[in-house]
Amino acid sequence: MDLTVKQQSQKILILNIIKKLESRGMEGYYFDSAGPAADYVQNLVPPDSSVAFGGSETLKETGILNVLKSGPYTVYDRADAHTPQEARQMYANHTLSDYYFMSSNAITYDGILVNIDGTGNRTACLIHGPQTVIVVVGVNKLINTLDSAIDKVKNIAAPPNAVRLNRNTPCKDLGRCSECLTDDCMCCNIVLTRKSYKKGRIKVLLINDSFGY
């Protein structure tokens, strides 16, 4: 694949972030586009593995979600839970899965993962539980500073997610964060992953294209 000048510059940025991730106990992998990233996932996850995933437009847009759902895996999909008891068991299965897939709301140039959640199911699995966590991120989520990353998540990512999920939050109507404390608030938990306690448990797939919000 021939990269444009902009993509070449973005590749340099990504490769430097990968070095920062390695210093933080995380593994980083570069991909020019979504196709090779999806192929990598297919080769990475052994047949009969248990896999789970958090809500993510990036996983859908890259085709990785389809790879997981159509592959020879035991898939724990929270959409399959229809009662509170089933939902509780599903979350338990997520924490015990072999591979947990998610995106990150942002990653700083210094290699810190920035995630903001409502219930915290996604961030909980990032922190502890699944054997391996695979984080899939497009170049649009790479942000210079920690403050800028948090601001980006609140004001760029949260409003369209509120629309997509039909949440009763001010950001759905205003298109920006108002630091709400509503019952539907999606910004209850801010999690900064500055290091993986278990080296190599978190693997970050960085794709030189834009996905998600």
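What is the volume of the largest pocket? It is about 800 Å³. The model is predicted: local features need pLDDT of at least 70, side-chain atom pairs count only at pLDDT 80 or more, and totals for chains, interfaces and linings use all residues. Residues are numbered from 1 along each chain as its sequence is written, and side-chain values use heavy atoms, without hydrogens and water.

View 1. A pocket is an open set of points on a 1 Å grid over the protein atoms alone, where a 1.4 Å probe fits and protein lies on both sides within 12 Å along at least five of seven lines; lining residues have an atom within 4 Å of a point. Grid points are joined across faces, edges and corners, and the volume is the space filled by probe spheres set on them. Of 38 lining residues, Gly 55, Arg 78, Asn 161, Arg 164 and Leu 165 are the closest to the centre. Two or more residues each come from α3 (57-62), α4 (64-70), β6 (113-117), α6 and α7 (146-164). Helices (H or I, at least four residues) and strands (E, at least two) are DSSP runs, numbered from the N terminus. With five residues, α7 gives the most.

**View 2. The second largest pocket.** Its volume is about 190 Å³. Of its 15 lining residues, Cys 177, Glu 179, Cys 180, Cys 185 and Cys 187 lie nearest the centre. Both α7 and α8 (170-174) give two or more residues to this lining.

**View 3. The largest nonpolar core.** Such a core is a set of buried Ala, Val, Leu, Ile, Met, Phe, Trp, Tyr and Cys residues joined through side-chain atoms within 4.5 Å. Buried means under 20% relative accessible area (1.4 Å probe, protein chains only). This core has 22 residues; Ile 107, Leu 113, Val 135, Leu 142, Ile 202, Val 204 and Leu 206 have the most contacts inside it. The largest share, four residues, comes from α1. Leu 142 touches residues including Leu 13, Ile 14, Ile 17 and Leu 206; contact means heavy atoms within 4.5 Å. Apart from this core lies another, of 21 residues, among them Leu 59, Leu 68, Leu 205 and Ile 207.

**View 4. Ser 97 in its loop.** Ser 97 sits between α5 (84-95) and β4 (99-102). Its relative accessible area is 0%, so Ser 97 is buried. Beyond four places away in sequence, Ser 97 touches Ser 50, Val 51, Ala 52, Tyr 76, Pro 130 and Gln 131.

Definitions and conventions: Buried < 20%, exposed > 50% of the residue type's maximum accessible area, 1.4 Å probe, protein only.
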